[in-house]
Amino acid sequence: MACGISSFLRRTKWRFDCRQKWHLLFLVLFFIHTVSGHIRYSIPEEMKRGSLIGNLAQDLGLDLQRLRSGRARIVTGDNKQYTELKMDKGILVVKERIDREQLCGDVTPCSFSFEVILENPMELHQITVEITDINDHSPTFKRDKIPFEISEIANAGARFPLARAGDLDVGVNGLKDYFLSENDYFILKQHSNADGKKYAEMILQKPLDRETNPHLSLKLIAVDGGTPQRSGTVNIDISILDANDNAPVFNQTVYKAAIMENSPRDTYVTTVNATDADSGSNSILTYYFSDTSIEFNNLFTVDENSGVILISGKVDYEKDKKYDLRIEAKDQGGLTDSSKVIIEVIDENDNAPTVNVMSFTSPVSEDSPSGTTVGIINVKDLDSGDNGQVNCRIEQNVPFKIKSNVRNYYTLVTDGSFDRESVSEYNITVVASDSGVPSLSTKKTFNLKVSDVNDNAPVFARSVYNAPITENNSPGVSLLTVNAKDPDENQNARISYILEDMHFGASSISGYVSVNAETGTIHAIRSFDYEQIKELTFVVKAQDGGSPPLSSNVTVKILIQDQNDNPPQVLYPVQTGGSVVYEMVPRSADVGYLVTKVVAVDVDSGQNAWLSYKLQKATDRALFEVGSQNGEIRTIRQVSDKDPVKQILTVIVEDNGQPSRSATVTVTVGVADSFPEALSEMSDFAQDKEYDDNLTFYLVLALAVVSFLFITCVVVIISVKIYRWRQSRVLYHSNLPVIPYYPPRYSDTLGTGTLQHVYNYEVCRTTDSRKSDTKYLHPMSQSLVSVDGAGTDALQADSQLSGNCSQMSTLQKPPNNDWRFNQGQRPGPSGATGGPEVAMGTGPWPQPPTEAEQLQALMAAANEVSEATATLGPGTMGLSTRYSPQFTLQHVPDYRQNVYIPGSTATLTSNPQQQQATAQQAAQQALPPPQVSVQPEPPKAAQTPASKKKSTKKEKK
């Protein structure tokens, strides 16, 4: 605990010294549980937010844990809080920007104080932070210019007071000096008031001459003592007047007066008086406040003629305790004199105490002991003296009291025990009164709630709960709801219902019923059977949510009521599937003869178990009857010989329930005098055949399977048909262009050509056949559309051949010299001759053959091809007969003489060398045929109009 003051530097800290006697300290702490201390810091103004002021925890000798456990906080009252306590580091930092001029004005030293309060135990530490000034303001004048009217006869040494400059800074940063601009007439002299504020006067050095200088303009400069130095300037305008050589003179240099605060307007303060030795208009004086007191113009007024000072505004002692005014007197000539007026303000009890809540704890637990601190309040009164002395008390009779351990701080503590169930909250009114006359007071009401403690167990509305339920109930049905109440609140009054664990027979009670923990509704877990359980007794516990929890129990009885759910059961005669019980009735039986008795029971109870017997069906209803109550079967007439031996009686047994249930029993009675006689009559008894249900199931299943397969087949067939139809439609509507040219291997199928079928003329040669003189042309297109299927197969077969068949040239070349024939060899007209260029093979082509010659050649070629094709055997490798191994060139007649080259009159002739090569090729083909390839045949000669006509004529023949 700090108890003394040490010296400080720029950031100065005063601390109390701890070197006093420890036994005295122990006695003080023994009687007063509150600890107090005082620390002082010094910082410059305008520091940034978060700037460090001091390590409060270290300076107070406290650790950080104590700050947190004691809920340390800063209390500033109604003042603005400029500082902030960092609990995690225990340091004091700047919270808001501090402007010394705004905070203290011209009061030095400038400081503000606040308290740091800790609880459990309570500690109060007063902290004072002094704000040092920095040079952040320049001297300023309240006017832009200072006007003077000075008579030209003013004597040397005349004084002219100047407006004082104001500087919000203080100390060395405040106003330091005045400087007057250079001139020939005036010098500047500085003075200081009793409060240390400086002002300046101009002193006339030599007489003025209005005729020479009627107007003077000077500058007054005010500088402060800060670093860097700041300054302010004002213009002085001097007008030179004539002939007034005596200035006014006040009869007192200082006037003093005292007034009460809150005095009404126009209250008299004092009167100032000045005289002027001049006469006439020059002796008429005017009184006014100087520029240094212009800030008080709203509080005081002076009569310019009489010098009477009156109150014009509100005077508040708490704001200003004293006013220092400066008044001036000026004559008509412009000469002036000044004097000071000091007005003191007397305090009156016009401020009621203010109550500030430093700490208040609500709610308080109902089991709190007496003396528990509930709140801490701070009471202040802005008045002084007795008017500022404050006392606190509690107005009503409540279990609380108020104690004061530190000046202006009071502690509100408990003074008794609480019962929340009786009183859940208190309104505590604290009255703070001062000692003024008349006394002023302030009331502060605290609403304190009492928090609940789990001191009441739940209580059921009944001691025993009874609930009936009909048997065969649905599982989960609600049986009843138990309800308990707890006078506590919140979690302590939150009741949970628990089914106490117990056994009913061999099973746990939880297998029969369940309890909703929130609502207390009891549900049936399963269906009850009256024949097994007639009453179910168990215990439900109600437990609150307090800590520790409190509980109470209640007994619940479930009464199960019977329901007509069991049909009567026939005990006699026993009905079994494998045997039949026969009853014998002698033919000599009298009326009322007891044949047998139907015995039945019903496991239900009450009316549901009352049974009645009826004869439902009988072979002879006039022979037997059944007792409705006892089930006895008796004869109702005399048995005769005409009665059949076998009598079948059907007896129905019904109970009295709603709805009623019944059972049927069949009694077979033999009417005979002896058992063998009855047995012989009943041996041919036909048994009913049972209908085989399984056979019906299998028949239905088989019918369903067959129907499914049939429908599937129909769908598949229809799909295939639709698919093929769509393919044919696609081919029919194809966008391929119509090619009027027919490939060489296809003939005209429309009946206009010479052949009705397709004939392919292929020439297969040996490996050395390239050296022969015959040239073949390659087909012009490999992608021609076939008119029928035979052409496609031929193309596929031809693509598989390789080897001996030579490739054709892709371009049609002119024939060599071997194709040239003389005039005698040509089948054309005998008179056709060619020029020399024809013999040399360089001239133009000869004339085309006539139509008769063309027809003769085509007829011969067709007949020979037909005869050659008929002599061929079946082909191999899936090829046509022309590719058979037996088919050689020796079987083909030499019809080249009858074929002409398209576009030429030349014809093929029989060459002996070529015939010899053909014979060699036939000998080679007698060997196993090598792998062959398709040899494209030359393009077929296009038909001329004449050839078309001949073909048509031949077809008609």
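Mentor: Phenylalanine 300 and tyrosine 323 are both buried. This is a predicted model: local features need pLDDT of at least 70, side-chain atom pairs count only at pLDDT 80 or more, and totals for chains, interfaces and linings use all residues. Residues are numbered from 1 along each chain as its sequence is written, and side-chain values use heavy atoms, without hydrogens and water.

Trainee: What makes phenylalanine 300 and tyrosine 323 an edge-to-face pair?

Mentor: Their ring centres are 5.3 Å apart, with 75 degrees between the planes. Rings of Phe, Tyr and Trp (its six-membered ring) pair if their centres lie within 6.5 Å; planes under 30 degrees apart are stacked, over 60 edge-to-face, the rest tilted. So 5.3 Å makes a pair, and 75 degrees makes it edge-to-face.

Trainee: Why does this pair tie together separate parts?

Mentor: Phenylalanine 300 lies in strand β20 and tyrosine 323 in strand β22, so the pair ties parts 23 residues apart in sequence. Strands are DSSP runs (E, at least two residues), numbered from the N terminus.

Trainee: How do you know that arginine 526 sits over the ring of tyrosine 512?

Mentor: Its charged end is 3.8 Å from the ring centre. The rule asks for NZ of Lys or CZ of Arg within 6 Å of the centre and within 35 degrees of the ring normal. Lysine 321 likewise lies over the face of tyrosine 317, at 5.1 Å from the ring centre.

Trainee: Why is leucine 571 called partly exposed?

Mentor: Its relative accessible area is 46%. Buried means under 20%, exposed over 50%, partly exposed in between (1.4 Å probe, protein chains only). So 46% falls in between. Leucine 571 is in strand β43.

Terms used
Helix = DSSP H or I, 4+ residues; strand = E, 2+ residues; numbered from the N terminus.
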